[in-house]
Each structure stands twice: as C-alpha cells, then as structure tokens.
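These are my notebook entries on a single protein model. I record what I looked up and what I found.

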Amino acid sequence: DGSMLAFVADPTGASQPGLYIYTVSTNELHAVTLPTTGFVSHLVWSPDSIRIAFEITLNGNNTLLDYNTQTHGVLTLQTGAGMQANPGDTVLSLNWLPSINAPALTWSLGQGGLVQSIWFQRVGIGGTTLPTLLTSGSYMQAVYSQTGHNGIGSWLLVTNNAGTPGDIASVD
C-alpha cells in the first residue's frame, strides 16, 4: 500500500544481506530477525500488505519464509529438499495469490533456464499446509498472473520441445 518498503541490504559489509522494513510515515528502519542465515531474495508483498514472502539461500539450500509486519513473526514455509522436485532446483519466481481472505503462495522451481515445477501452498489462517505440486515437466517459460482465470490467479506455461518453445498451457 506504499506505507512500508521492504529491501535487502548488507550495512555491515559482512556478505550476509538481511531483510529490512522501512516505515515511510515514521522514518523507522527495522532489521528483521531471521531464523537462519543466508542470502535473502524474491521479496514479495501479500495482497493485504501485511506479509512478505521471501527466499533465503545458504550453501545451495533454499528456505521459503513469511514475515508478518504486524506481529513481527517469521514463519518457515518450506526448506531444502521439501521445496525441490529435482536436485539443484532453485526458486525462479515467487508470488502471492490475489485473495486476502485465504493467503497462499505459488512458486516455480528450476535451473539452467528451465522451469521444472510449479507449487502452491496456503499460509497463515488455520495453519500452514504442505505444498502442493501443481505441475512438473520441462518448461521454457512460466509466468504467473494474479488476474488470470477471472481473478483467482493462473500460470501460463510454455513447454520445452527439444530446446524450442512448444505448446502453451494454463494452470489454475
């Protein structure tokens, strides 16, 4: 909503960038205390502007986290092998679904320019569910749209056909 800014910084030069929240109205800067160390990336605000989902990577291990700006709580969503369909996969994109009543994330995993799987996970209300694999395969491109499928969100996938773009598929 424009009242806060989330960013990654390394003010001490320790080569361990952290997550920071800046509140515009008060000029307050808050360093988020994280349960693990590593490189923070893929910051994405929830549709209600209360939560920030992000990834931390350390020594090839990936963890998806959710930070609540109201409670200042950090929720670990997925870690390491639980996120990966294939060894060496990394998060390529991370997005919130558009509903503010049922918070959920979706992300793509892959490596070397190929998307290999698309995942979905409910977050927060009623506890955090386990991730659901929406699809796996070999995709040249995967783009998520919050406005797709009449506003409930959808992925547009381009299959990999022997190194060239193939069919287009939609995953809701």
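What percentage of the 172 residues in the protein is buried? I found that buried residues make up 37% of them. I note at the outset that the model is predicted.

**Entry 1: overall make-up.** I looked up the secondary structure and found 1 helix and 13 strands. Reading along the sequence, I wrote down the pattern β-β-β-β-β-β-β-β-β-β-β-α-β-β. I then checked the radius of gyration, which is 17 Å, close to the 16 Å that the globule rule gives for 172 residues; the protein is therefore as compact as a globular protein of that length. For the extents, I read that the C-alpha trace spans about 50 × 35 × 25 Å along its principal axes.

**Entry 2: a sheet of 6 strands.** I next examined an open sheet and recorded the strand order β8-β9-β10-β11-β12-β13, with antiparallel pairing. Which strands stand at the edges of this sheet? I identified β8 (90-96) and β13 (164-171); each has a single partner strand, so one side of each is left without a neighbour in the sheet.

**Entry 3: strand β8 and its partner.** Is β8 mostly covered or uncovered? I found β8 mostly covered, with 5 of its 7 residues buried. I counted 6 bridges between β8 and β9, which pair in the antiparallel sense. In this pairing I located leucine 94, which stands opposite tryptophan 107 in β9.

**Entry 4: from β9 to β10.** How many bridges join strand β9 to strand β10? I recorded 8 bridges between β9 (residues 104-111) and β10 (residues 114-122), and these two strands run antiparallel. Here I noted that leucine 105 stands opposite glutamine 121 in β10.

**Entry 5: a nonpolar surface patch.** Which residues make a nonpolar patch of about 290 Å²? I listed Val143, Leu156 and Ile168. I placed valine 143 in strand β11 (residues 132-145). I then asked why valine 143 counts as partly exposed. Its relative accessibility is 42%, and I class it as partly exposed because this value lies between the 20% limit for buried and the 50% limit for exposed.

How values were computed. Residues are numbered from 1 along each chain as its sequence is written. This is a predicted model: local features need pLDDT of at least 70, side-chain atom pairs count only at pLDDT 80 or more; totals for chains, interfaces and linings use all residues. Side-chain values use heavy atoms; hydrogens and water are left out. Two strands pair if DSSP finds at least two bridges between them. Helices (H or I, at least four residues) and strands (E, at least two) are DSSP runs, numbered from the N terminus. Patches are made of residues with over 30% relative accessible area and no salt bridge: like charges are joined within 9 Å, nonpolar side chains (Val, Leu, Ile, Met, Phe, Trp, Tyr) within 5 Å. Accessible areas come from the Shrake-Rupley method with a 1.4 Å probe; for residues, only the protein chains shown count as cover. A salt bridge is a side-chain nitrogen of Lys or Arg within 4 Å of a carboxyl oxygen of Asp or Glu. Buried means under 20% relative accessible area, exposed over 50%, partly exposed in between (1.4 Å probe, protein chains only). The radius of gyration is taken over C-alpha atoms; the globule rule is 2.2 Å times the number of residues to the power 0.38.
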